[in-house]
Amino acid sequence: MKLNVFGSALALTLGLAGPAFADIKIGASVSETGPASSLGDPEAKTLKLLVDEINAAGGVLGQKLKLFLYDDGGDPNKARTFATRLVEDDGVIAIVGGSTTGTTMSIISVVENAKIPFISLAGAIEIIDPVKPFVFKTPHTDRMACRKIFEDMKAKGFSKIALISGSDGFGASMRKQCLQVIGEFGITVLAEETYGPNDADMTPQLTNIRSKGEVQAILNPGFGQGPAIVTRNYGQLGIKTPLYQSHGVASKSFIDLAGPASEGVRLPGTAVLVASLLPANDPQKAVVAAYTTAYQAKFNQPASTFGGYAHDGLRLLVDAIKRAGKADPKAIRDAIEGTKGFVGVTGTFNMAATDHLGLDLSAFRMLEIKRGDWALVQ
Amino acid sequence: MRLSRKHLTLLVLALLIALAPALFPSNFYYRIGALIFVNGLAVTGLVVLIGFAGQISLGHAGFAGIGAYACALAPGYLGLHPGLAMLLGAVLSGGVAWLIGRPILRLKGYYLAVATLGFGILVSMVLANEAKITGGPDGREVAELGLRGALATIGIGLSNAQFWYAATGLAMLLGAWVALNLHDSPTGRALRALHDSEVAARTVGVDVARLKLSAFVISAVYASLSGSLLALMNRFITPDVAGFLHSVELVTMTVFGGVGSVPGAILGAATLTLLPQALTVLQQYENLILGLIMMLVMIFMRDGLLPSLMRRLKGRG
């Protein structure tokens, strides 16, 4: 009798603690505040929005998702602490996050040690090259943006260009990547200028470029306010050479900052920016429309590219958990790596053992600014 | 035999470091502990500079940056072992502190604060802009120290978090021991005389300029070692380590805990490292509460947390 009571008590305890009753715990550390908050804020909002949405629709594998979300303020040291907390204390089975390259890189060794899948939301190619078993990412690399721009230049018959790049992390990294692939397109750089992250006037650099008469196009790899100032100065100097900006400024605030001079500027961007302009037969139309409408409705502001990265990160993860059939980090990792034809808002993902990004150039849309808004270049 | 106050302090610190893990529910707490010790080491250096010598610095993260990047760069460029790179960083920081300290320490009060502030910003700018060497604002990876593997081969198997808890704890204890010894030495007494009145100290024959400089160099070495440990522990470093915010954070911890007291400053480091983690549940209110606590402590416990608490305890007994 005694034994029986003990037995049933044991069964009860096991039953309560068993996986069937537990939530699926997912971790996130993003830069909601601090210098990278323009990235981290929409990411955090997107993650909360999606987790609520998924749970309202019945969760994953019959279990609810539980999101552990921390704000690392863009500080790599804090990001590492939060990643440790997620892995060791909260016991999450996967992490989405790392808004900047710095925070991502400091999270990587934590997740690699703990063997927990991690989907990064940062741009640098170093994150997935060389491939690390448990690290994936959703944003396309700078190199892909370079290729997309050069493709467009080549199509328009430009072969002699000028570069004006920011000396900040983003600008310097993209400049390097662009120079690595420029040869493939038969394009040569005739003039090169740089500017500092806090410079308020780029007229001298642009004047230098203008004095080189044969330049057919100008490319400005940069992030933040720099490219807006370049565009304004470009307008003030009345330069007629076509101007290309990078995906780093693919947000509405760039158009507002640069003003009328931004008319005709081209840049590669994601489908999120042009949700309403996508043709009905576009494979991304449905998913992009669903995300941008839900985001707009909940937060009363337009969805951004960065929120889109978080959207794809979480959706990829959930898709992988479903295919793995269990909330086990190793099985989820394998399932993420096996992702094929997954349509996200950033692009269509086809992961492989050698490619933990899984996007190709079709993920980028060539956009042109027309009448103060985005337009698709066909 | 009665224990001296110095030995009592060290004993309490050592016991706390050794016994705390018994209460740790998970490995994460080793990480928090290690962060406290890394900050505690830098803060101990600031006690020597601010608490003993009465000089202010808003640029000590610059030295942490030098120490951190010495560990990040020297193994790759010079083929140095990371442990030796840490020493190189300390020597470099001490040297730089000696060079810039001579002109800078002639300044007093606000002027000294601004000059040191400028130095810190300069270091973080160089680290961010010399991207070819330092990896720029995106940071760069740091080589593995290799000591944990060596320990494992002689039969002491520690997890990464446990190893760094022990290593940084030991480093902080050593740092506290040196600083407490300094406090009781003739140099320490001269420093404190300088703190109370520079004119009076000069009158009784204290070499003021030399003493200020040595306090500055000592505190720079502490900051540098703390930066090195942080880099080796995180295996990744960005110029943020040398940033202005980090400098302010270190001074805040020192003043918050008790600027004249080594255990006080360490308590300050512990409190201000733990609080943000404890307050994450309150999300948006985190910074608000943090600010409020700091204001209240500064208003009601002007000497800092530990000295004020000790006085209150003694007053009652």
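1. Surroundings of A:S120. In this predicted model, A:S120 touches A:G97, A:G98, A:T104, A:I127, A:F136, A:K137, A:T138 and A:P139, leaving out residues up to four places away in sequence. The residue belongs to strand β4 of chain A, which covers residues 118-120. Is A:S120 buried or exposed? A:S120 is buried, because its relative accessible area is 0%, and the cut-off for buried is under 20%. One of its contacts is also polar: the side chains of A:S120 and A:T104 are joined at 3.0 Å.

2. Aromatic pairs. Over all chains, the structure holds 16 aromatic pairs. In one of them, the ring centres of A:F150 and A:F185 are 5.7 Å apart and the planes stand at 50 degrees, so this pair is tilted. The two residues come from distant parts of the chain, 35 residues apart: A:F150 is in helix α5 (residues 142-155) of chain A, and A:F185 is in the loop between α6 (169-181) and β7 (188-195). A:F150 counts as buried because its relative accessibility is 1%. A:F185 is buried as well, with a relative accessible area of 12%.

3. A second tilted pair. The rings of A:F170 and A:F223 have centres 5.6 Å apart and planes at 40 degrees, so they too are tilted. Which parts of chain A does this pair tie together? A:F170 lies in helix α6, while A:F223 lies in the loop between β8 (217-220) and α8 (226-236), so parts 53 residues apart in sequence are tied together. A:F223 is partly exposed, at 34% relative accessible area.

4. Ring cluster in chain B. Ring pairs link B:F24, B:F28, B:Y29, B:Y30, B:F37 and B:Y165 into a cluster.

5. Charges over rings. The charged end of A:K66 sits over the ring of A:F68, 5.0 Å from the ring centre. A:R333 lies over the face of A:F134, and here the distance to the ring centre is 5.8 Å.

6. In soluble globular proteins, nonpolar side chains tend to be buried together. The largest nonpolar core here has 86 residues, of which B:F63, B:W164, B:L191 and B:I237 touch the most other members. Helix α2 of chain B (residues 28-52) supplies the largest share of this core, 17 residues. Apart from neighbours within four places in sequence, B:F63 is in contact with B:S93, B:V96, B:A97, B:I100, B:F119, B:F216, B:A220, B:A223 and B:S224.

Note on methods:
Residues are numbered from 1 along each chain as its sequence is written. Chains are lettered from A and ligands numbered from 1 in the order in which they are written. This is a predicted model: local features need pLDDT of at least 70, side-chain atom pairs count only at pLDDT 80 or more; totals for chains, interfaces and linings use all residues. Side-chain values use heavy atoms; hydrogens and water are left out. Helices (H or I, at least four residues) and strands (E, at least two) are DSSP runs, numbered from the N terminus. Buried means under 20% relative accessible area, exposed over 50%, partly exposed in between (1.4 Å probe, protein chains only). A polar contact is a pair of N or O atoms within 3.5 Å; within protein, one must be able to donate a hydrogen and the other to accept it, and residues adjacent in sequence count only if both atoms are side-chain atoms. Contact means heavy atoms within 4.5 Å. Rings of Phe, Tyr and Trp (its six-membered ring) pair if their centres lie within 6.5 Å; planes under 30 degrees apart count as stacked, over 60 as edge-to-face and the rest as tilted. A charge sits over a ring if NZ of Lys or CZ of Arg is within 6 Å of the ring centre and within 35 degrees of the ring normal. A nonpolar core is a set of buried Ala, Val, Leu, Ile, Met, Phe, Trp, Tyr and Cys residues joined through side-chain atoms within 4.5 Å.
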